[in-house]
Every structure is written in structure tokens, then in C-alpha cells.
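Let us read a protein model together, one feature at a time. Keep the picture open as we go.

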Amino acid sequence: MRQVVYSTVIRNISNQMRKSLANKVLNDSRIYVPRDTGRLEASGYITKDSRYIIYETPYARYQWYGKLMLTRDGRAWARRGERKYLTNRNLNYNRSKNPKAGALWVKRCVDDNKQKWIRELQEEV
């Protein structure tokens, strides 16, 4: 399952600056990504046009929203092809490997680092 978690909203930015910004976001987001084996964190990549960051694991969507997902009959593990549905129950994230791990990790990273990135991009110009 692919989870698109970031898209640039800045329209008047050069391709080179967009690529630089996307790399900053992906790299700085690493400490926000829920981490057990590191597979989710390692699956993050930037699309060729540098407009999206995608995390591609079977559980990326589940981790992104931070809500427990169950099958229609209440099971946590789904059979191949079986859909799961979001519940209102929050996930509990282990922060021993990534101190800021949690839901909506890229969004929270952007909120925390936006001003720093603006300064860095201005220095690059």
C-alpha cells in the first residue's frame, strides 16, 4: 500500500529548490517515523517531480493515521485482499528508537521545521 504523505504547496519555486526542499523534509522526518524494524522509515522516497513523499509498506496508511484498523469482524490481521477500516482507537507508538515517532509524521515535521527550511532555502538562492 502506498501512502502519499507530503506534497509541496509552493507553486512559484524552481525545480532545483523543490528537490532541495523535498530532501530536507524526507531527511528531517526520519525521527518522526514510527520505527520497529526500520522498514517503514526506509521505504520513504521522493517522486521524480519532487512533489510527493511516499512511504510504501503494507502498513504505511495504518501508521500514518495513527488509528487502529480492524477487519469488519474485528480482527487486527486481515487476509490477503481483505479491507480494514479505521476505528477511533489511537495507536500507542514506541519512541525508544525515534523520539518523535507518531501519526502524521511528515506533517508534524513540517510544522516543527518550516521556518528553518525557509531560511536554508533563502541562503541557497
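**Reading the fold**

Q: What share of the 125 residues in the chain is buried?
A: This is a predicted model. In it, 38% of the 125 residues are buried.

Q: How many helices and strands does the chain have?
A: There are 4 helices and 5 strands. Starting at the N terminus, their order is β-α-α-β-β-α-β-β-α.

Q: Why look for nonpolar side chains that are buried together?
A: In soluble globular proteins, nonpolar side chains tend to be buried together. Here, the largest nonpolar core has 16 residues. Val25, Leu40, Tyr55, Trp105, Val106 and Trp117 touch the most other members. Two or more residues each come from helix 1 (15-29), strand 3 (52-56), helix 3 (60-65) and helix 4 (105-124). Helix 4 gives the largest share, 6 residues.

Q: Is Arg51 buried, partly exposed or exposed?
A: Exposed means over 50% relative accessible area, and buried means under 20%. Arg51 has 32% relative accessibility, so Arg51 counts as partly exposed. Look for Arg51 in the loop between strand 2 (45-46) and strand 3. Pro34 is 17 residues away from Arg51 along the chain, and their C-alpha atoms are 22 Å apart.

Q: What part of the contacts with a separation of 6 or more joins residues 24 or more positions apart?
A: Such residues account for 56% of those contacts.

Methods. Residues are numbered from 1 along each chain as its sequence is written. This is a predicted model: local features need pLDDT of at least 70, side-chain atom pairs count only at pLDDT 80 or more; totals for chains, interfaces and linings use all residues. Side-chain values use heavy atoms; hydrogens and water are left out. A nonpolar core is a set of buried Ala, Val, Leu, Ile, Met, Phe, Trp, Tyr and Cys residues joined through side-chain atoms within 4.5 Å. Buried means under 20% relative accessible area, exposed over 50%, partly exposed in between (1.4 Å probe, protein chains only). Contact means heavy atoms within 4.5 Å.
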